[in-house]
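Let's walk through this structure together, one chain at a time, and then look at where the chains meet. Keep the viewer open as you read.

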Amino acid sequence: MTGGVVNIGYGELVGASLLMLVAGIVSWRLRLGQTRRIAVSTVRAFVQLLAMGLLLVYLFRYQTWWLVGLVLVGMCIAAAQIATGRTKNVMGGLWADTFASITVSSLAISFIVVEGVIHADPWYNAMQLVPITGMMLGNTLSASAVATDRLLASMDSRASEIYTMVALGATPREAAFPSIKAAVGAGMTPTLAQLSAAGIVQIPGMMSGQILAGADPIIAAKYQIVVLLMVSAATTLSIVVMCFLAYKKRFAAEGYFLDPALRDDIGSRGSGR
Amino acid sequence: MTVFEARHIGVQYQRNGEPFAPFSDVSLALEGGRMYNLTGPSGSGKSTLLAACALMLPRSGGSLALNGVPFDRFHPTEWRRRVCLVPQASALVPGTVRDNLRFPWTLKVNAGTEPPSDEFLEELLALAQLNGVTLDHSAAQLSGGQQARVALLRAFATRPTVMLLDEVEAALDEESAVAVSRLTRALLTGATTCLRIRHRADDGYACGTFTLADGAISYEAHPVTADNTPVAGTGAAVGILEGASR
């Protein structure tokens, strides 16, 4: 509507969804059994994104600090839900840990950027806070889900080493530390890889979006740099918080390791679904 | 003097989803300066009993005491430092033999004590008949029997009050097994004790044998010989271990 933005008509939008026919045909021909899922995910993406857009339109119009806060909290809850759904190891208390790690890391970094770098006005301006927090949550939720799986898998593979360490008087944290180190290190790799590949192979999503919406490419690049840096910071923070919370779930109150035989929750056995 | 006591210990937990309760009321007392054997049919819960004594398993009841002090007065890590379980398959940490033998001193629980000197560690290696193995050897390159002995020495180097050995000589040949027994005996003082699960023929170092079967434990004293007479005072190894404490 403004400047160089080319609006997309609803007819074209529906037309674009024909692109999903490619995935549908592949799934059908190869009998992947994913046809139904493809249809459901496509419809979900449509509905969710349009609803988000609609929500933002009203939020921008009637924004108050508590309304913006409510939306942010809702986003964090949804993100924790998705993240725990992704981890293979379902166990009690993990939801709270996940919620804590992605909420703390995403909100902390979002607020630093929105207030310190972008200087939003008013400070709770939904136009900056909501999309930036959304980006942070999207990245931290997958990072913390991957880190949790890595951490728990590494601890299980080190079960005998952990057992021996505990027998020698190690605290749970000391016994888990090599696994925490491995999980944090592995969790940081994709973010750092993304940083060094940015701008060479692909124009990152946000920058593409701004350019398509008619923004000055230099301004878009500056935003993208800030976003990449804050994504690195937020994912690292969430991985560290997550690992230092989650390892405790694998130890009993007396500090001995709960190896697979000792766990009484059914969800942790088998490979999960 | 009774150093370690377990009263009415029971173990019960879900193992792989199945209820597992090998015994519900087992009591035993270990005197200082002595070594004891623990035998019993496989599946009777010998390893479980040792793990329970080291607070490494969920217990259904009973109490443990070290020199008369109940276990719940200790932080669990402090308890395990004093009541040291050497599991059947002891894992070594990545690194050299020295890294492994000094590993306990990287833990908070040993923060107040000095790590042992190289001379002391070399002495220990020789006593366990690991003469060809140097402290700079990579732990991963040792044979199974050598790894088992290094894991055992790592526990011994911390001078625990109670040594709980779970078939540590299973991977050893007869000669090394005897060397390990002799070393265990040499490390005993009047204030320490050792309970070991064994499947081999008796080597004469134990002063008695506990038998765990069908959830009940029984004890049979061995005739006293020169090899199993209770150690008093600082014990036989005082000479070589002097270097360890200072």
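A word on conventions: residues are numbered from 1 along each chain as its sequence is written, and chains are lettered from A and ligands numbered from 1 in the order in which they are written. The model is predicted, so local features need pLDDT of at least 70 and side-chain atom pairs count only at pLDDT 80 or more, while totals for chains, interfaces and linings use all residues.

Begin with chain A, whose secondary structure comes to 10 helices and 0 strands. Helices here are DSSP runs of H or I with at least four residues, strands are runs of E with at least two, and both are numbered from the N terminus. Along the principal axes, the C-alpha atoms of chain A fill a box of roughly 70 × 50 × 40 Å. Of its 273 residues, 31% count as buried. A residue is buried if 20 or more other C-beta atoms lie within 10 Å of its own, exposed if 12 or fewer, and partly exposed in between, with C-beta atoms placed from the backbone. Among contacts in chain A with a separation of 6 or more, 73% are between residues 24 or more positions apart; two residues are in contact if their C-beta atoms, placed from the backbone, lie within 7 Å.

Chain A is divided into domain 1 (1-62) and domain 2 (64-268), with bounds that come from an automatic or database domain assignment. The centres of these two domains, taken over C-alpha atoms, are separated by 27 Å. Where they meet, 7 residues of domain 1 of chain A are in contact with 8 residues of domain 2 of chain A. The domain 1 side of that meeting has 5 nonpolar, 2 polar and no charged residues. In this scheme Ala, Val, Leu, Ile, Met, Phe, Trp, Tyr, Cys and Pro count as nonpolar, Asp, Glu, Lys and Arg as charged, and the others, Gly among them, as polar.

Now for the contact between the chains: how many residues does each chain bring? Chain A gives 18 residues and chain B gives 27 residues. On the chain A side, the largest share, 6 residues, comes from helix 7 (residues 159-167) of chain A. By class, that side has 9 nonpolar, 5 polar and 4 charged residues.

Helix 7 of chain A deserves a look of its own. Its buried residues include A:I162, A:Y163 and A:M165. The buried residues of this helix pack against helix 6 (126-157) and helix 8 (172-197) of chain A, together with helix 2 (76-82) and strand 6 (83-86) of chain B. After helix 7 of chain A comes A:G169, with a positive phi near 105 degrees.

Cross over to chain B, where an open sheet of 4 strands has the order 2-1-4-5, with antiparallel pairing. Strand 2 (18-31) and strand 5 (69-70) of chain B stand at the edges, each with a single partner strand, so one side of each is left without a neighbour in the sheet. Two strands pair if DSSP finds at least two bridges between them, and 2 bridges join strand 4 of chain B to strand 5 of chain B. B:L66 stands opposite B:V69 in strand 5 of chain B.

Finally, find B:L57 in the loop between helix 1 (46-53) and strand 4 (59-66) of chain B. Is B:L57 buried or exposed? B:L57 is buried, because 21 other C-beta atoms lie within 10 Å. Leaving aside neighbours within four places in sequence, its contacts include A:Y256, B:V11 and B:Y13.
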